[in-house]
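This briefing concerns a single protein chain and is arranged by topic. Please consult the sequence and the model shown here alongside the points below.

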Amino acid sequence: MLPRIVPTIIVENSRAIHTVKFAQNCYLGDPLSLARLYGELQADEIVVMDRTNSFKGTLLGTGKLRLLSEHVYTPITYGGSLSSTDRISEAFQSGVDRILLRYLTLIHISEPTRQAEISYA
């Protein structure tokens, strides 16, 4: 069995970056272009971690996450600024296949049982 190839794209302010010890940022390019490249190289899944400070600047907040999922035919996992069930639902409606959540996010969501009710079909 071949090992799975799951590249991770770290996004900050709608720009793909590479970090060295999470301190030094190196600009890599547009996240959409990078995801397309990984898709063409037949990655099994693409993980997009958005570490933008404000929701309005995230891929989800700007609508670029929907573009990314429409142009890349590889399963996408998205994480970042998902602090409520509405944002989680919005991420699934944008076309992502999975989401990443921090443990603290689960604690702060006021209705944790609602997570089971989120439909993304």
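The points below cover the overall fold, the nonpolar core, a helix pair and several individual residues.

This is a predicted model, in which local features need pLDDT of at least 70, side-chain atom pairs count only at pLDDT 80 or more, and totals for chains, interfaces and linings use all residues. Residues are numbered from 1 along each chain as its sequence is written, and side-chain values use heavy atoms, with hydrogens and water left out. The protein has five helices and six strands, where helices (H or I, at least four residues) and strands (E, at least two) are DSSP runs numbered from the N terminus.

**Overall fold**

- Along the sequence, the elements follow the pattern β-β-β-α-β-α-α-β-α-β-α.
- Of the 121 residues in the protein, 37% are buried; buried means under 20% relative accessible area, exposed means over 50%, and partly exposed lies in between (1.4 Å probe, protein chains only).
- Among contacts between residues at least 6 apart in sequence, 58% join residues at least 24 apart; a contact means heavy atoms within 4.5 Å.

**Nonpolar core**

- In soluble globular proteins, nonpolar side chains tend to be buried together.
- The largest nonpolar core comprises 20 residues, and those with the most contacts inside it are I9, V48, Y78 and V96.
- Such a core is a set of buried Ala, Val, Leu, Ile, Met, Phe, Trp, Tyr and Cys residues joined through side-chain atoms within 4.5 Å.
- V48 touches I9, V11, L59, I76, T77, Y78 and G79, with residues up to four places away in sequence not counted.

**V11 in strand 1**

- V11 is found in strand 1, which spans residues 8-12.
- With a relative accessible area of 0%, V11 is buried.
- Residues up to four places away in sequence aside, V11 touches P31, V48, M49, D50, R51, T52 and L59.
- V11 and V48 are separated by 37 residues in sequence, and their C-alpha atoms are 7.1 Å apart in space.

**Packing of helix 1 and helix 3**

- Helix 1 (residues 31-40) and helix 3 (residues 64-71) pack at an angle of about 20°, and their axes are 10 Å apart.
- Axes are lines fitted to C-alpha atoms, for helices over the stretch in contact, and angles run from 0 to 180 degrees between N-to-C directions.
- Helix 1 and helix 3 are therefore roughly parallel to each other, a description that applies to angles under 35 degrees.
- The crossing of helix 1 and helix 3 is right-handed, which is to say that the near helix is turned clockwise from the far one by less than a right angle.
- P31, L32, A35 and R36 in helix 1 meet L67, L68 and H71 in helix 3.
- By class, this contact of helix 1 with helix 3 has five nonpolar, one polar and one charged residues; Ala, Val, Leu, Ile, Met, Phe, Trp, Tyr, Cys and Pro count as nonpolar, Asp, Glu, Lys and Arg as charged, and the others, Gly among them, as polar.

**Positive phi values**

- Most residues other than glycine have a negative phi.
- S14, although not a glycine, has a positive phi of about 65°.
- S14 is found in the loop between strand 1 and strand 2 (15-20), and at 15% relative accessibility S14 counts as buried.
- Q42, also a residue other than glycine, has a positive phi near 65°.
- Q42 is placed in the loop between helix 1 and strand 4, and Q42 is exposed, with a relative accessible area of 64%.

**Further individual residues**

- T74 lies in the loop between helix 3 and strand 5 and counts as buried at 9% relative accessibility.
- Not counting residues up to four places away in sequence, T74 touches G39, A43, D44, E45, I46 and D97.
- T74 and R36 are 38 residues apart in sequence, with a C-alpha to C-alpha distance of 8.8 Å.
- V6 is found in the segment before strand 1 and is partly exposed, with a relative accessible area of 36%.
- V6 touches E45 and V47, residues up to four places away in sequence being left aside; V6 and V47 are 41 residues apart in sequence and 6.9 Å apart from C-alpha to C-alpha.
- Q24 is placed in strand 3 (residues 24-29) and is exposed, with a relative accessible area of 54%.
- Leaving aside neighbours within four places in sequence, Q24 is in contact with H18 and T19.

Key:
Angles under 35 degrees count as roughly parallel, over 145 as roughly antiparallel, 65 to 115 as roughly perpendicular and the rest as oblique.
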